[in-house]
Amino acid sequence: MNTQTIVPENTDRATFGTRHWSREGEGPVIRISDLNHWYGEAGFRRQVLFGCNLQVYPGEIVIMTGPSGSGKTTLLTLIGALRTVQDGSVSVAGHELLSASADDLVRVRRKLGFIFQHHNLFRSLTALQNVRLGMDLFKGSPRERNERSRHMLVSVGLKDHVHKKPGKLSGGQKQRVAIARGLVHQPKVVLADEPTAALDEASGRQVVTLFKSIAETQRCAVLLVTHDNRILDIADRIVNMVDGRVKSDVLVRESMLICEFLQQIPAFREMPASDLSSVADALVVEKFPAGDVVVRQNEPGEKFYLIRQGRVQVSVEKDGAQRNVAELGEGDFFGEAALMTGNPRNATVTATQPSVLYSLAKPEFDRVLAGSESFEEALRHALFDRQ
C-alpha cells in the first residue's frame, strides 16, 4: 500500500488505511519523513530502510509488525537516538535528530522510555534499585524516587519481589522490571521491542493495560514492535513493515467501525471478515458540504463511494435536460460501474445535505477487486439489480 498517497483537501484527517489521525491542537510527537538507512561502509553498504514515513501522536498506541529483518528494530533505534540518522528526517518530541548535537540527543533520550527484548538488568541490584536507575537523571528526593519506583513495580505485578535481585527472578519477572524501569520517569514517548514476548498471558495483559493507561493519562505516545497477536487489541494503529518499507498503516478502531458498517449493507453482508477488512483498510473519509458535486457525468471514474452520513442526489443529463433519477442515503454506494467497466460516469451525484462518504480510489479498488472474489461478486450483483 502506498503510504505517500496525496490526500484531497476535503479529506477528513480522522481517516484510516494509509492516512493518519490527529487530535485537535496536537501535532505528532514522532514525525518521520523519507527516511533511508544503510549498514556498512563504502562499497559494502546495504540499504535497510527505504523512504519510510510515519507519524505518532500523543496518547496514541502504535503497534509495528512485520517479518524478521524488515527494519522494525532499526527504525525503533533511530527514533530512540541510538543510531545516527543518515538521510531523511526524524523528529521526536520537537527535536530534529538529523545532524543533532550530542547534547540535543541526550535531551531527547531523557524524554524517552526504552524497553528492549533483553532486559539488561544489573545483577548486583535489587528490582527496586534497577527501576530507580530510570529516575537518577530527574529531579526529586531519594524518597520520592523510591516511592515512584516501588509503585511502578506494583503496577507490573511485582509487589512481592521489590527487594529481590535478578538472580532470584524468573525471565518474565525480569522483563517486567525492565518495563517498570522504562516507564518510571513518565516519558513522552515509549519505545518497546517485543515487551511481552517473555510474559505469560496474564502478565502480558497487565503490562499492556499499563501501556494503555499511561497513554491515556499522561498523553504518552507508545510505539511497540511485536509479533504478539494477544495484544493487538490495544492498538490505535497497526503499522506493517516489509523489506525496509512501511507497507501499511491501519487505524484500527476506524477500520473496525467501517467493517461493521459494511456488514449492514446487503451487497457486502456475506463477505468474509478478511475481505471486509481489506476493503476497510483502503477506504478514506471525505466530507462534502450541501451543494457540492461528488462525481460529474461523462468524467472518468476515479473513485468508488459509500455513504456514511447525509444524502446525495443522482441526476442524468440527456438531450440538454437534467433529470433526477435517484436519491441515496446512509448505506448506499455508487461509482462502481465506471470503475468496473472503464466507461465514463453515467450520472452526476450532488450532496443535498452535508455528507460523509467513504471513498476507494481506482488503484486501491482494482487491488481489492483482484484480491477478493466476494467483493467483485457483491458489486456485480448490485450492478445487475440496478439494471
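This note describes salt bridges in a predicted model.

1. A search of the whole structure finds 7 salt bridges.

2. Within helix 2, which covers residues 102-110, Asp-104 and Arg-107 stand 3 residues apart, about one turn of the helix. Their side chains form a salt bridge, with a distance of 2.6 Å from N to O. Asp-104 has a relative accessible area of 28% and is partly exposed. Arg-107 is also partly exposed, at 43% relative accessibility.

3. A salt bridge joins Arg-296 to Glu-299, where the closest N and O atoms are 3.8 Å apart.

4. Arg-311 and Glu-327 meet through their side chains in a salt bridge of 2.6 Å, N to O. Arg-311 belongs to the loop between strand 13 (303-309) and strand 14 (312-318), while Glu-327 lies in strand 15 (residues 321-328), so this pair ties together parts that are 16 residues apart in sequence. Arg-311 is partly exposed, with 29% relative accessible area. Glu-327, with 42%, is partly exposed as well.

Definitions and conventions:
Residues are numbered from 1 along each chain as its sequence is written. This is a predicted model: local features need pLDDT of at least 70, side-chain atom pairs count only at pLDDT 80 or more; totals for chains, interfaces and linings use all residues. Side-chain values use heavy atoms; hydrogens and water are left out. A salt bridge is a side-chain nitrogen of Lys or Arg within 4 Å of a carboxyl oxygen of Asp or Glu. Helices (H or I, at least four residues) and strands (E, at least two) are DSSP runs, numbered from the N terminus. Buried means under 20% relative accessible area, exposed over 50%, partly exposed in between (1.4 Å probe, protein chains only).
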